[in-house]
Amino acid sequence: MYFIGVDIGKNHHEATVLDDTGRSVGKSIRFNNDEEGFRHLWDALPDQPRQLAMESTGHYWLNLYIFLVSNEEKVLAINPIQTEAFRRGQIRKTKTDSRDSWVIAELLRTNAAHASYVPEQWVQQVRELARFRFGLVDQVGDLKRQLIAVLDRVFPEFEKLFSDPFIRSARELLKTAPLPEEILKFDLSELSALLAGASRGKFKEAKASEVKKAAGCSVGARFSQDSARLQIRCLLEHIEFLEDQIADIEAQLCELVQDRDQYLCTIPGISTTTAAVLLGEIGDINRFERIEQLAAFAGIDPTTVQSGEFSSSKNHMSKRGSPHLRRALWLAATPARRSDPGLQAFYEKKIAEGKHPSTATGAICRKLLNRIFVILKEQRPYEKF
């Protein structure tokens, strides 16, 4: 039996072949991260019983993994943490591509390598889209903070005029008249018509009068107004462009989720988008035998601090595992408790006990995860008891 370990890189990979005794068979094989390089590796592999393993480093390993699996090769994808732990235990603190590939092959030979979870294609697609969406949402948040910073300089009173400075009526006002001096040029009737049209009749003359009054006594800076006007316009356009892209991604996620038999959306507070994140991050639920394992994977399990006779009674959320799964649970916790009297009562009980709102929300996340675990395991709709 031959054991092949592959160290993964962005442009090049390196493979080492070991025999049963742990001796290297020839020199390590360095090959490009392209089809020609993959073929070079394939032709160089010994035509004998063999096993392959590679690190699941970032996304660089996936193309080689698919190539080998499509050629009916059994490949073990292992977490880089395993190789790092093995390397630290060695006397020689050497880190090179050939050395790393040897470490992977040795882990495989000694049966010490543990396979990482490789999701099926559908799960991978949903996971990538959901994570990409989170990235765009974060970009929108950054742009909004930049826009508020500009407004704080030239029109600091603006943020208090609306419940949310980014609702449609506020945006339309900023597009038409981003500076106080420009608002003051409007007749009250014109401003009323603008706000009424943008708010579908919610804001009328009273709100227009409030806006003009705030503009008239604004303490905003009067210099660099051309620069501020341009920044406001560009930031608004960028925000709306990204929001349109987010809407497209959510529509695609909705289609993907509806193609699968899943019942997560029957849980109060779980939207289709949230269900997509959960399905993408959890993957195959059967890889978790107990709810405690899933909680640890989500990073909402408590830490343990113990030394000798001391055992801490103030343990915090570990925040290990998938940050995307933890974020989805956190975002779903508030709508879940608002739509479920039982969760709302549980939350209020925790607050009455003196718990911080974040701690109480974390407890809601754990209850929500319990429900998700049961629904996915039993493949049935949520039933309220």
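Which residue follows H11, and is its phi positive or negative?

Tutor: The residue after H11 is Gly-283, and its phi is positive, near 70°. Before going further, note that this is a predicted model, in which local features need pLDDT of at least 70 and side-chain atom pairs count only at pLDDT 80 or more, while totals for chains, interfaces and linings use all residues. Residues are numbered from 1 along each chain as its sequence is written, and side-chain values use heavy atoms, with hydrogens and water left out.

Helix H11 itself covers residues 272–282. Helices (H or I, at least four residues) and strands (E, at least two) are DSSP runs, numbered from the N terminus. Of the 11 residues of H11, 10 are buried, so this helix is largely enclosed by the rest of the structure. Here buried means under 20% relative accessible area, exposed means over 50%, and partly exposed lies in between (1.4 Å probe, protein chains only). The buried residues of H11 are Thr-273, Thr-274, Ala-275, Ala-276, Val-277, Leu-278, Leu-279, Gly-280, Glu-281 and Ile-282. Their cover includes helix H5 (121–154), H10, helix H12 (291–298), helix H13 (323–339) and helix H15 (357–378).

One of these covering helices, H10, spans residues 225–258 and holds His-238. That histidine is partly exposed, with a relative accessible area of 36%. Between the C-alpha atoms of His-238 and Val-140 there are 8.2 Å in space, although the two residues are 98 apart in sequence. A contrasting pair is Ala-170 and Thr-266, which are 96 residues apart in sequence and 35 Å apart in space, C-alpha to C-alpha. Ala-170 belongs to helix H6 (residues 168–176) and is buried, its relative accessible area being 0%. Apart from residues up to four places away in sequence, Ala-170 touches Phe-158, Phe-162, Asp-164 and Pro-165; such a contact means heavy atoms within 4.5 Å.

Most residues other than glycine have a negative phi. Glu-72, however, has a positive phi of about 60° although it is not a glycine. Beyond its neighbours within four places in sequence, Glu-73 is in contact with Trp-42, Arg-50, Leu-52 and Leu-68. Arg-200, too, is not a glycine and has a positive phi of about 60°. Arg-200 is found in the loop between helix H8 (188–198) and helix H9 (205–216) and counts as exposed, at 75% relative accessibility.

The chain has 15 helices and seven strands, and buried residues make up 43% of its 385 residues. Among the contacts with a separation of 6 or more, 61% come from residues 24 or more positions apart. A compact globule of 385 residues would have a radius of gyration near 21 Å, but the chain has 28 Å. This radius is taken over C-alpha atoms, and the globule rule is 2.2 Å times the number of residues to the power 0.38. Along the principal axes, the C-alpha atoms fill a box of roughly 90 × 50 × 50 Å.
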